[in-house]
Amino acid sequence: MILVGTGALALAAGPAAAKGHHGLITLKATSKVAELHVVDNAPTGDSPGDIVVFAEKLYNARGKQIGTDAATCVRLFDPTSLCTGVYKLRSGQVHVQLVQPGPTGTYDQAIVGGTGRFAGARGTVTVAQNPSKGDRFTFKIRVKG
């Protein structure tokens, strides 16, 4: 898969998972793929221009679903993909953009905005990919107080 083998975006909610200090919110969670569609553009097989569209369910550390996410990724000229995604939570949305390095490893997503509680958000999401167990995410979100 272009963005992630099984998971790409996740965000936790609740007092145990969220810590805030002077406008900085730190959240952790995992995800599970709910829907996935691959558009295999010519030439056939894994190649530049292929597109992956997916949606996931988001879970906190206790296994409770706390939201969903959705993203679109376009394969570039090497194993990387250019992606745009959104985390949909009860208190708002977090929007991200990134160059995803491939199906394994750890990488950062840039938070480029949001809505509701996350209006005007900036920061990063660090993703530790794990196709068999689901990806782990650490959000460091800066919001204006």
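Me: What share of the residues in the protein chain is buried?

Reply: Of the 145 residues in the protein chain, 40% are buried, where buried means under 20% relative accessible area, exposed means over 50% and partly exposed lies in between, with a 1.4 Å probe and protein chains only. This is a predicted model, in which local features need pLDDT of at least 70 and side-chain atom pairs count only at pLDDT 80 or more, while totals for chains, interfaces and linings use all residues. Residues are numbered from 1 along each chain as its sequence is written, and side-chain values use heavy atoms, with hydrogens and water left out.

Me: What pLDDT does the chain average?

Reply: The protein chain averages a pLDDT of 85, and 84% of the residues score at least 70, pLDDT being the predictor's confidence in each residue, from 0 to 100. Over residues 1-17, however, the pLDDT is below 50, and in the model this stretch has 89 contacts beyond near neighbours in sequence, a contact meaning heavy atoms within 4.5 Å.

Me: OK, secondary structure. How many helices and strands are there?

Reply: The protein chain has zero helices and nine strands, so the pattern read along the sequence is β-β-β-β-β-β-β-β-β, with helices (H or I, at least four residues) and strands (E, at least two) taken as DSSP runs numbered from the N terminus. Among contacts with a separation of 6 or more, 44% are between residues 24 or more positions apart.

Me: Which residues in the largest nonpolar core touch the most other members?

Reply: That core has 24 residues, and Tyr87, Val94, Ile111, Val125, Phe139 and Ile141 touch the most other members; a nonpolar core here is a set of buried Ala, Val, Leu, Ile, Met, Phe, Trp, Tyr and Cys residues joined through side-chain atoms within 4.5 Å. At least two residues of this core come from each of E2, E3, E4, E5, E6 (92-100), E7 (106-114), E8 (122-128) and E9. As a general point, nonpolar side chains in soluble globular proteins tend to be buried together.

Me: And what is isoleucine 111 in contact with?

Reply: Leaving aside neighbours within four places in sequence, isoleucine 111 is in contact with Val94, His95, Val96, Ala121, Arg122, Gly123, Thr124, Val125, Phe139, Lys140 and Ile141.

Me: How many aromatic pairs does the structure hold?

Reply: It holds one aromatic pair, counting rings of Phe, Tyr and Trp (its six-membered ring) whose centres lie within 6.5 Å, with planes under 30 degrees apart called stacked, over 60 edge-to-face and the rest tilted. The ring centres of tyrosine 87 and phenylalanine 139 are 4.6 Å apart and their planes are at 80°, so this pair is edge-to-face. It links distant parts of the chain, since tyrosine 87 is in strand E5 (residues 81-89) and phenylalanine 139 is in strand E9 (residues 136-142), 52 residues apart.

Me: Switching to charges: which residue forms a salt bridge with aspartate 46?

Reply: Arginine 75 does, with the closest N and O atoms 2.4 Å apart, and the structure holds one salt bridge, defined as a side-chain nitrogen of Lys or Arg within 4 Å of a carboxyl oxygen of Asp or Glu. Aspartate 46 lies in the loop between strand E2 (24-39) and strand E3 (51-59), whereas arginine 75 is in strand E4 (residues 65-75), 29 residues apart. Aspartate 46 is exposed at 62%, while arginine 75 counts as buried at 15%.

Me: Where is proline 43, and which peptide bond is cis?

Reply: Proline 43 lies in the loop between E2 and E3, and the peptide bond from alanine 42 to proline 43 is cis, with omega near 0°. In general, most peptide bonds are trans.

Me: Last one: what does lysine 88 touch?

Reply: Lysine 88, which lies in strand E5 and is partly exposed at 38% relative accessibility, touches Leu58, Gly67, Thr68, Asp69 and Gln93, not counting residues up to four places away in sequence.
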